[in-house]
Amino acid sequence: MTVYLVRRLIQALFVVLAMSVIVFVGIYGIGDPVEILISPDADQIERERAVKALGLDLPLWEQYLVFLGNALQGDLGRSFVFNEPALKLILQRMPATMELAFGAMFLSILIGLPLGLFAGLKPDSPVSKGIMAGSILGFSLPTFWVGLMLIMVFAVQLGWLPSTGRGETCSVLGFVGLQSCNEGLQWSFLTWDGLRHMAMPALNLALFKISLVIRLTRAGVRETMLMDYVKFARAKGLSRSRVTFVHVFKNILIPVVTVVGLELGSTIAFSVVTESVFAWPGMGKLIIDSINVLDRPVIVAYLMIIVLLFITINLIVDLTYSMLDPRVRLETKGT
Amino acid sequence: MSDVALKGAPASAPVPAKVETPFRRFVSEFCESKVAVGGAIVFGVIALVAIFAPWIAPQNPYDLAQLDIMDGRMEPGTVGGAGFTYWLGTDDQGRDMMSGIMYGLRISLMVGAGSALIACVVGASLGLLAAYAGKRTDTVIMRLVDLQLSFPSILVALMILAFLGKGIMNVVIALVIVEWAYYARTVRGTALVERRREYIEAAQCLALPTHRILFRHLLPNCLPPLIVVATMQVARAIALEATLSFLGLGVPITEPSLGLLIANGYEYMLSGKYWISFYPGIALLVTIVSINLMGDQLRDVLNPRLKK
Amino acid sequence: MKRIQQRRPPAAAVLAAVGVALAAGQANAQTATIAVGAPVTSIDPHYHQLSPNNAVADIIFDRLVNNDAQSRNIPGLALEWRAVAPTVWEFKLRPNVRFHNGNAFTADDVAFTLQRLPNVPNSPSSFAAYARTMNRVEIVDPLTIRFHTAQPYPLMPLDMTNVRIVDKETAENATTEDFNTLRAAAGTGPYRAVAHRNGDRIEFERWDGYWGERAPFQRVNYRMVTNDAARTAALLAGDVDLIDQVPTSDLAKLRQDQRVRLAEQVGLRLIFLGLDHLRPANENSPFVTDNDGRPLGRNPLADVRVRRALSMAIDRRAIVERVMEGAAVPANQFLPEGVFGNVPDLPAIAFDPDGARRLLAEAGYPQGFRIQLNGPNDRYINDSRIIQAVGQMWTRIGVRTAVEAQPWTTFVGRAGRQEYSAFLIGWGSNPDGSHPLRNVLATVTRDRGWGASNRGRYSSPRVDAMLLESLSELNEARRGELIVGAMRTAMEDVAVVPIHIQTNIWATRRAFEYTASVDEGTLAQRLRPAPR
């Protein structure tokens with residue numbers, strides 16, 4: 001177990017290292033941050049000063065070594081744009097993205113699991129066919145398009161929900177409202193206004209995952225129902241509901257937990273589109289803005305955090321998986 | 001956004017006895033689902049339209065000389081300056097939407113199928129290699145898969161396309177780089193199970209060459225999940241291309257794919273000019289749904305655990 | 001001082017505010033919410049020279065010389081200014097002005113600000129250039145300051161419209177982060193910042209000690225909504241009261257919407273095509289070929305007749321009406337009418353495809369040639385649509401045009417390395433003709449700081465000579481003649497192909513009114529309740 005963990009950590013380190021190199025070279029290939037950040041009417045002297053100020057006058061490998069040296073001391077560099085530590089900027093935006101991602105996952109399980117269970121238990125009912133057709137639609141609709149549709153219907157036409165933004169937030173320590181927005185982590189699910197703002201983006205982000213959970217659950221139910229132990233349990237005379245909710249449910253939980261767990265990472269990483277449609281001030285929006293102005297320190301720091309997040313999530317999923325299904329031994333499972 | 005095919009990997013660990021299915025039986029089983037057959041027919045029609053677009057479209061939407069901005073944003077059914085009717089309206093450049101959709105389908109399908117095919121070949125080979133060679137090779141390849149999957153695909157595409165410039169080929173390359181890992185992971189998962197089976201052991205005892213064992217024995221038995229993944233990935237590639245084009249990174253603006261057509265119309269949606277975004281959106285939706293319907297049935301047919 | 005970002009205003013101010021509000025009887029318009037399209041990256045007014053940052057700085061801080069909505073110079077923190085000697089500018093400062101923290105404004109603050117400009121660490125685009133012309137800053141008395149320059153320098157008042165004055169006591173040793181946390185963000189402007197979340201929102205409260213006209217709202221929320229459709233939707237849903245950068249595709253609909261009011265003003269941003277002037281007539285230009293795709297052996301763009309033909313082939317009215325939906329005016333030069341440096345009698349460029357074909361034949365291209373037109377797809381309003389439309393028009397006169405749009409990040413670098421033959425780009429001018437001349441049209445000369453944005457590498461000794469003379473001419477009339485002369489020369493030479501000047505558009509809810517301005521900044525003080 002410990003050996004396994006250590007090995008995974010070392011591998012993770014290499015992944016992070018490789019990635020930072022790729023990002024450095026990649027951004028170098030895309031363009032020159034100074035060209036993008038500088039005021040158009042800056043003269044040549046000012047341009048040279050800016051290149052120096054951002055440390056971009058050094059050769060690329062030297063820039064990378066400087067970065068690496070600082071990173072080892074926990075300093076991932078300062079944003080070119082905001083002149084603040086990149087890590088701080090990202091951590092400031094993290095709660096917004098996290099609550100959106102968790103909200104989406106919560107919705108996907110809340111809606112997807114019962115629907116999938118129904119579709120799996122009664123595969124031939126027209127309702128099930130409808131659910132399955134709906135789930136395919138959920139896969140196929142482009143996220144940005146759905147987002148705009150939601151805004152048009154619920155905010156503009158019906159006026160039920162606010163169109164964009166994050167609304168009122170509240171820090172865990174209890175300072176209510178925006179007043180304390182400079183101190184402490186801010187959460188909007190703690191206020192009614194915040195929840196109203198969260199509803200649409202969370203649903204938008206969840207749409208894909210709802211379909212996923214429906215299909216996973218249905219497939220799981222259908223497979224499990226054919227297993228010998230289920231037949232045995234039924235033959236033993238256990239009630240249908242007991243078989244469904246104890247025997248079957250426990251087994252389909254494994255793939256659902258795995259995938260939903262893996263999905264958390266991708267939800268966080270890919271909330272970019274939803275965040276920009278709904279002007280949700282999270283990490284995804286930060287990264288897109290940063291790419292647009294080639295704010296390298298922020299991009300590198302963001303990707304490092306995302307990679308670490310992915311590795312951690314994968315690890316947790318693997319561990320959970322091994323606990324839920326004793327037949328799986330960690331050593332033989334590579335991913 | 002994420003992959004449909006993930007399901008294959010963890011769930012395919014314990015496999016009961018497996019029945020060989022000949023092609024005909026496969027077809028008849030596939031036809032059991034009316035919805036899937038419908039999907040296949042719709043997809044066939046779409047494919048035909050895409051292939052014959054240059055002959056049946058009223059306008060070549062990629063020839064700037066045939067467009068006139070004075071015909072821009074015309075409502076469906078308007079007769080344009082060139083004398084023919086724009087049944088589905090025009091976009092901001094005066095491009096006939098119907099022609100645009102036909103040509104767009106062509107690009108979307110080409111990009112989707114092309115990238116899925118290449119990614120499948122690359123990914124499956126690496127996955128097989130990982131499963132068969134094991135040890136260090138396996139670790140290296142699977143770490144690469146991890147690296148790949150931990151990169152937001154939008155960012156990978158941005159970088160690749162920034163290096164290579166825009167263009168259909170470059171989009172295909174970007175999609176291959178984004179997608180090969182899913183195939184590798186799926187094939188490796190299946191192959192790991194298959195590898196321990198008697199027929200492989202038998203082949204090894206006969207001292208058959210490695211490539212023969214890999215491609216003649218192991219690969220055919222990994223095909224069912226691979227086909228399912230590939231179908232889903234075609235749909236995913238089409239959607240991803242649309243997203244890339246939405247972000248302004250995909251195909252060149254003068255040769256719009258469905259995704260770019262939607263993106264172009266996106267801005268006009270709030271102002272009531274729905275057709276620029278709506279019809280390509282429907283075409284995209286129908287295409288992806290029909291592929292997914294087929295893939296769905298394929299999964300049921302090809303999954304041995306659902307057989308009695 | 002540490003308390004500046006505290007939400008509670010000083011008790012006295014609250015009482016004053018309540019009193020005035022009661023007196024004015026306006027209880028309905030205490031808060032306004034603004035959604036802007038471009039993210040503000042810092043509250044530090046000297047960190048990054050970027051229009052959204054400058055707009056926010058103009059809400060919180062003042063300049064010696066302010067701009068009105070027409071971009072005319074009006075007294076700000078200086079009441080009057082003049083050149084007391086050829087190389088000495090004197091500014092008389094406004095008395096009785098207080099910073100948001102209560103400190104009095106004096107010449108010391110001006111001197112400190114000028115000294116801070118070149119010393120903001122890590123600045124990606126600093127304001128240092130505005131202090132570079134000064135040899136010495138002389139404080140005559142607390143309300144009089146003199147700037148000594150090496151040469152006569154007519155642009156000093158214009159430069160001073162770019163420098164926001166900070167409080168010496170607060171900002172001494174303050175970092176950009178101190179401004180962002182609002183600890184050091186004390187200005188003299190009509191609103192003071194009370195909350196700031198990077199890239200998301202800023203909240204302002206009225207500063208009751210303001211020297212000028214009292215701000216109409218007790219509180220202003222300044223939100224950044226970068227997605228165009230989302231911004232419009234927020235306005236229609238009533239979540240915000242003012243949006244800027246109204247998408248042109250929504251204009252027609254918003255014009256008819258009873259709930260909405262539009263404010264429009266022709267701006268200072270010219271959209272134009274840059275052409276390859278770098279390669280001489282006998283060399284290949286990178287993206288020009290003959291009709292079979294083979295190298296041409298010469299650069300047709302070096303011939304003024306070809307450039308004129310390409311310009312005449314463009315139907316500017318069609319672009320303005322169809323692509324921009326009326327949110328621009330056709331242009332024949334950099335600056336709109338009435339702005340210093342506009343050439344008043346320059347004829348509009350006629351749309352004349354036949355004349356263009358004749359000119360091409362005269363220049364030796366009766367069959368035309370092939371060219372690629374490049375441009376960004378995420379920088380200017382409808383940028384990728386404009387180049388497609390131009391592509392259609394050029395193709396019609398026999399210049400078969402391929403069009404390629406790229407993200408600004410990759411485009412700008414390649415354009416700056418002269419990798420393109422023809423490209424679309426924009427220029428947002430200061431309200432003075434010397435600004436585009438010096439940056440876009442002058443021969444690239446590092447020591448003078450000329451031509452830093454001259455991406456086509458246009459070069460004309462006549463233009464350079466007139467510009468050089470104008471830069472030390474203190475007589476405004478004579479300076480105007482020189483600038484207009486240089487601008488006329490460059491435009492008759494088709495140094496660039498002007499297309500249109502953008503119109504700046506804001507939209508408010510019916511109950512509000514915004515004063516549209518020539519500059520693109522969105523300023524809280526320009527928003528007020530609509531008269532009943």
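Trainee: In chain B, what share of the contacts with a separation of 6 or more comes from residues 24 or more positions apart?

Mentor: This is a predicted model, in which local features need pLDDT of at least 70 and side-chain atom pairs count only at pLDDT 80 or more, while totals for chains, interfaces and linings use all residues. Residues are numbered from 1 along each chain as its sequence is written, with chains lettered from A and ligands numbered from 1 in the order in which they are written. Two residues are in contact if their C-beta atoms, placed from the backbone, lie within 7 Å. For chain B, the share of contacts with a separation of 6 or more that comes from residues 24 or more positions apart is 70%.

Trainee: What percentage of the residues of chain B count as buried?

Mentor: A residue is buried if 20 or more other C-beta atoms lie within 10 Å of its own, exposed if 12 or fewer, and partly exposed in between, with C-beta atoms placed from the backbone. Of the 308 residues of chain B, the buried part is 55%.

Trainee: How many residues of helix 9 of chain A are buried?

Mentor: Helices (H or I, at least four residues) and strands (E, at least two) are DSSP runs, numbered from the N terminus. Chain A, with 335 residues, is 48% buried, but its helix 9, residues 228-235, is hardly covered. Among the eight residues of this helix, the count of buried ones is zero.

Trainee: Which helix of chain C gives the most to the side that touches chain A?

Mentor: Here 49 residues of chain C are in contact with 51 residues of chain A. The elements of chain C that give two or more residues to this side are helix 7 (176-180), strand 8 (191-197), helix 8 (228-236), helix 14 (408-416) and helix 15 (434-441). With six residues, the one that gives the most is helix 14.

Trainee: Which residue of strand 5 of chain C is the bridge partner of C:Arg82?

Mentor: Strand 4 and strand 5 (residues 88-93) of chain C run antiparallel and are joined by six bridges. In strand 5, the bridge partner of C:Arg82 is C:Glu90.

Conventions: Two strands pair if DSSP finds at least two bridges between them.
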